[in-house]
Amino acid sequence: MSQGVLAKATPAEGANDVSLEEPKKMRENWRKKKELEEQRKLGNAPVEVDEEGKDINPHIPQFISSVPWYIDPLKRPTLKHQRPQLEKQKQSSSSGDWYKRGLQEHSVATRYRKGACENCGALTHKRKNCMERPRKVGAKYTGMNIAPDEHVQPQLMLDYNGKRDRWNGYNPEEHMKTVEEYSKVDLAKRTLKSQKLQEESASGNLEQVNSPRHQWGEKESNSQTERDSNSEDEDKYVDDIDMPGQNFDSKRRITARNLRIREDIAKYLRNLDPKSAYYDPKTRAMRENPYANIGKDLDEVSYAGDNFIRYTGDTISMAQTQLFAWEAYDKGYDVHLQADPTKLELLYKSFKVKKEHFKAQQKESILEKYGGQEYLDAPHQLN
């Protein structure tokens, strides 16, 4: 009896040992998992790979990389559920798809068909949607002049970029019409030019190529024909131009070929020494004098830097006025350079007059007390 009791107690003790070891294993596995995550973040261990073979960033939190329990709790970490799902993606039309234009000319009916438009006889629309002029007797009753069917337009599902593509549906072959027009105009110009040369050669006004003047390259006074021929290509479509508010005449046209003055020198080309003045390419500014290391005076150079231009003219007087406005405002005067410039200018002029008068009185009082007027009247240089 006692042996049976002991035999029955032994499995219970083994079960208790297993139940005690399971939490230890769970804690150990959790600790190893945390250590592996730290090593992956430091780059010492290879990163985890999902089911598609893509690397998972170790810095991504667990609640993002782990698969939700309602999808599959047994799956390993993946980012597939974070990516756009193919079954939920809207299928958009390709860039080459567009609405069909024109009519189906190859399939023209010879008699009225049931369900077609009563006015024109086309099968692709009804009478209330017909764009043709209402006939006195419709095609349903006459059976004549059946209009061709329109194309059945596809239902395009364009994406964001497709809706805003200005070239969507453009046919590049339409540009050939413009090319043909230009080629015809060029051919007509060449024909007229050849006819004009033939007429001049027949009348004897054409200059001979082998003449002495042509050999020495002298310019003839009657070279207006050559200039006109050179400007024909430039003024090819001038007659077609209609500028509002202006009387445009191709004979008196002045072409601005280049707005840049050829004599102007770029700032960075004035001194190629890399230790010279710094040129800022973003603002196109060179504040220092590029000729400072060469030894030229400011009067000899045509450009002495942007700072030299800033300290010329009324710039210095404006800076002095601004400084006076700040000092006067600190002393209680309500003046401002931009808000009330007239008041500030009058106050500044009166201040300068009072300052000069005060200096003169101070000078006179010192001379009366100590003397020395004869030294002030003495010439600076003795001959």
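**Entry 1: Asn168**

I started with Asn168, which touches Ser95, Asp97, Trp98, Leu158 and Gly162, leaving aside residues up to four places away in sequence. I keep in mind that this is a predicted model. Where does Asn168 lie? I found Asn168 in the loop between α4 (160–163) and α5 (175–203). Buried or exposed? Its relative accessibility is 12%, so I put Asn168 down as buried, because buried means under 20%. I also looked at the side chain of Asn168: one of its polar atoms lies 3.3 Å from the backbone oxygen of Gly162.

**Entry 2: the whole chain**

Next I stepped back to the protein chain. The protein chain has 383 residues, and 15% of them count as buried. Asn168 is a buried residue. For contacts with a separation of 6 or more, I noted that 37% are between residues 24 or more positions apart. The protein chain exposes about 33,600 Å², with 53% of that coming from carbon and sulfur atoms.

**Entry 3: rings**

How many aromatic pairs does a search of the whole structure find? I got five aromatic pairs. For Trp167 and Tyr170, the ring centres are 5.2 Å apart and the planes stand at 75°, so I wrote the pair down as edge-to-face. Trp167 counts as exposed at 57% relative accessibility, while Tyr170 is partly exposed at 38%. I also saw that ring pairs link Phe324, Tyr348 and Phe351 into a cluster.

**Entry 4: salt bridges**

I searched the whole structure for salt bridges and found 11. In one of them, the side chains of Arg40 and Glu48 meet at 3.4 Å, N to O. Glu48 is partly exposed, with a relative accessible area of 26%.

Then I checked Lys267 and Asp306, whose side chains form a salt bridge at 3.4 Å, N to O. Why does this pair tie together separate parts of the sequence? Lys267 lies in the loop between α7 and α8 and Asp306 in helix α8, so the pair joins parts that are 39 residues apart in sequence. Lys267 counts as partly exposed at 24% relative accessibility, and Asp306 counts as buried at 14%.

In the bridge between Arg127 and Glu118, the closest N and O atoms are 3.4 Å apart. I have Arg127 as exposed, at 54% relative accessibility, and Glu118 as partly exposed, at 27%.

**Entry 5: positive phi**

Asn145 has a phi of about 55°, and I found Asn145 in the loop between α3 (139–142) and α4. Arg284 has a phi near 55° and lies in the loop between α7 and α8. Asn145 counts as exposed at 62% relative accessibility. Arg284 is exposed too, with a relative accessible area of 61%.

**Entry 6: a nonpolar patch**

Last, I looked at the surface. Which residues form a nonpolar patch there? I noted Ile265, Tyr268, Leu269 and Leu272, which have about 450 Å² of accessible area together. Ile265 sits in the loop between α7 (224–232) and α8 (306–310). Its relative accessibility is 48%, so I marked Ile265 as partly exposed.

Methods: Residues numbered from 1 in each chain as written. Predicted model: local features only at pLDDT ≥ 70, side-chain atom pairs only at ≥ 80, totals over all residues. Heavy atoms only, no water. Patch = residues over 30% accessible without salt bridge, like charges linked within 9 Å, V, L, I, M, F, W, Y side chains within 5 Å. Areas by Shrake-Rupley, 256 points an atom, 1.4 Å probe, with all protein chains shown as cover. Salt bridge = Lys/Arg side-chain N within 4 Å of Asp/Glu carboxyl O. Helix = DSSP H or I, 4+ residues; strand = E, 2+ residues; numbered from the N terminus. Buried < 20%, exposed > 50% of the residue type's maximum accessible area, 1.4 Å probe, protein only. Polar contact = N/O pair within 3.5 Å; in protein donor to acceptor, adjacent residues only side chain to side chain. Contact = heavy atoms within 4.5 Å. Phe/Tyr/Trp six-rings, centres within 6.5 Å; stacked < 30°, edge-to-face > 60°.
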